[in-house]
Amino acid sequence: MQDVRKKTLKQTLLRNLVLLIILCTPMNSAIAIDFEEYPAAVELVSDLSSDTSLDLAWIEAIVRDAVYTESIIKAITRPAEKFPWHRYQPLFVTDDGATQGVNFWDRHERDLRRAEQVYGVDAAVIVAIIGVETRFGKITGRHRVIDSLVTLVLGYPRRKEFFQKELAEFIKLTEDEKLNPFDIRGSYAGAMGIPQFISSSYRRYAVDFNDNKQRNLLTETADAIGSVANYLNEHGWRSSGEIFANLAAKENQTIELDPTTGLKPDRRISDITGQATLVDFEGENLRPDDKIGIVKLETKPDQFEYRVAFPNFYVITKYNRSNLYAMAVAEFAQLISTKRSNN
């Protein structure tokens with residue numbers, strides 16, 4: 001009980017110190033949120049205080065310090081996931097990137113091996129996700145997370161509810177982990193750290209993988225590795241499962257399959273056997289009623305190929321709700337694994 005009181009006192013003192021600094025600093029309406037210009041900010045402060053049970057003045061100080069950034073609104077309306085596959089894939093699946101992935105794997109082999117053992121997730125997939133997200137921790141975002149989230153709540157009404165929830169989670173996260181909410185930087189959408197977790201995922205799935213009594217995804221690679229593995233495991237990763245397989249048309253056949261529109265398997269193997277076969281597939285033995293998805297990729301302008309997506313593919317889409325993202329991670333993992341085996 002005494003330790004809890006000490007922790008609470010330290011958090012309160014830190015919060016009050018930062019609050020004092022903010023209140024004593026002259027406000028510049030061109031920089032900070034102007035409550036007259038953004039009257040919705042007043043309601044936001046009230047809602048956040050209710051949602052988090054934190055001090056109203058502290059919440060107001062956080063929101064007032066945020067910078068409304070128009071470039072964030074522009075960025076979220078034109079994500080790379082809207083590209084066709086032939087433009088999206090080269091952004092992430094490259095030979096140089098795979099070399100960096102091998103180097104990352106070699107440096108962190110012990111943590112990756114343990115993550116495989118504890119969570120059943122392939123090391124190559126963990127490495128690929130961290131590579132796609134932040135170039136193996138090198139590019140973790142330039143926006144202050146508080147600026148991103150407040151901007152999106154006030155300026156992106158289509159997903160206001162989601163980002164307001166994430167803003168509340170972010171404030172609680174900084175309390176949980178004793179972080180300064182004004183120092184943390186991340187993506188335009190508020191994702192942060194080496195694995196680019198959003199605040200709710202950080203609070204729910206981050207793990208202290210190096211046993212130093214803190215879950216630190218901002219600077220500690222071991223925690224990032226364990227947390228990515230835990231996230232995939234919690235969302236149903238199958239340790240012996242494949243991710244995808246290429247399809248080739250049978251002789252005198254043309255593949256005419258409607259792609260899966262959602263983010264979960266909606267077909268069965270028996271649905272494709274009349275038209276196509278799986279190419280170079282060395283995975284599990286498949287039964288006619290096994291659930292799969294169909295992914296259609298534009299490999300060149302107006303040229304397409306089809307692939308079968310297995311349940312693990314859709315687990316990856318829990319990390320980023322995009323078939324292109326999941327396919328890039330899967331291909332990148334293959335490339336990294338192959339390059340490492342050939343070294």
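Predicted model: local features only at pLDDT ≥ 70, side-chain atom pairs only at ≥ 80, totals over all residues.
Reader: How is α13 oriented to α14?
Author: Axes are lines fitted to C-alpha atoms, for helices over the stretch in contact, and angles run from 0 to 180 degrees between N-to-C directions. The two helices pack at about 115 degrees, with their axes 8 Å apart. Angles under 35 degrees count as roughly parallel, over 145 as roughly antiparallel, 65 to 115 as roughly perpendicular and the rest as oblique. The angle therefore makes α13, relative to α14, roughly perpendicular.

Reader: Which hand does the crossing of α13 and α14 have?
Author: A crossing is left-handed if the near helix is turned anticlockwise from the far one by less than a right angle, and right-handed if clockwise. The passage of α13 across α14 is right-handed.

Reader: How many residues of each class form the contact of α5 with α14?
Author: From α5 the contact draws on W85, Y88, Q89 and F92, and from α14 on L324, Y325, M327, A328, E331 and F332. Ala, Val, Leu, Ile, Met, Phe, Trp, Tyr, Cys and Pro count as nonpolar, Asp, Glu, Lys and Arg as charged, and the others, Gly among them, as polar. The contact accordingly has eight nonpolar, one polar and one charged.

Reader: Which helices do the buried residues of α8 pack against?
Author: Buried means under 20% relative accessible area, exposed over 50% and partly exposed in between (1.4 Å probe, protein chains only). Helix α8 (residues 123–134) is mostly covered, with 11 of its 12 residues buried, including V125, I129 and T134. These buried residues pack against α5, α6 (95–107), α7 (109–119), α12 (221–234), α13 (311–319) and α14.

Reader: What is the C-alpha separation of A98 and I336?
Author: A98 lies in helix α6 and, at 0% relative accessibility, is buried. Neighbours within four places in sequence aside, A98 contacts F332, L335, I336 and K339. Although A98 and I336 are 238 residues apart along the chain, their C-alpha atoms are separated by 4.7 Å.

Reader: Which residues contact N230, leaving aside its neighbours within four places in sequence?
Author: N230 belongs to helix α12. With a relative accessible area of 10%, N230 is buried. Its contacts beyond those neighbours are Y119, Y205 and V207.

Reader: What percentage of the residues of the protein chain count as buried?
Author: The protein chain holds 14 helices and seven strands, and its C-alpha trace spans about 75 × 45 × 35 Å along the principal axes. Of its 343 residues, the buried share is 48%.

Note on methods: Residues numbered from 1 in each chain as written. Heavy atoms only, no water. Contact = heavy atoms within 4.5 Å. Helix = DSSP H or I, 4+ residues; strand = E, 2+ residues; numbered from the N terminus.
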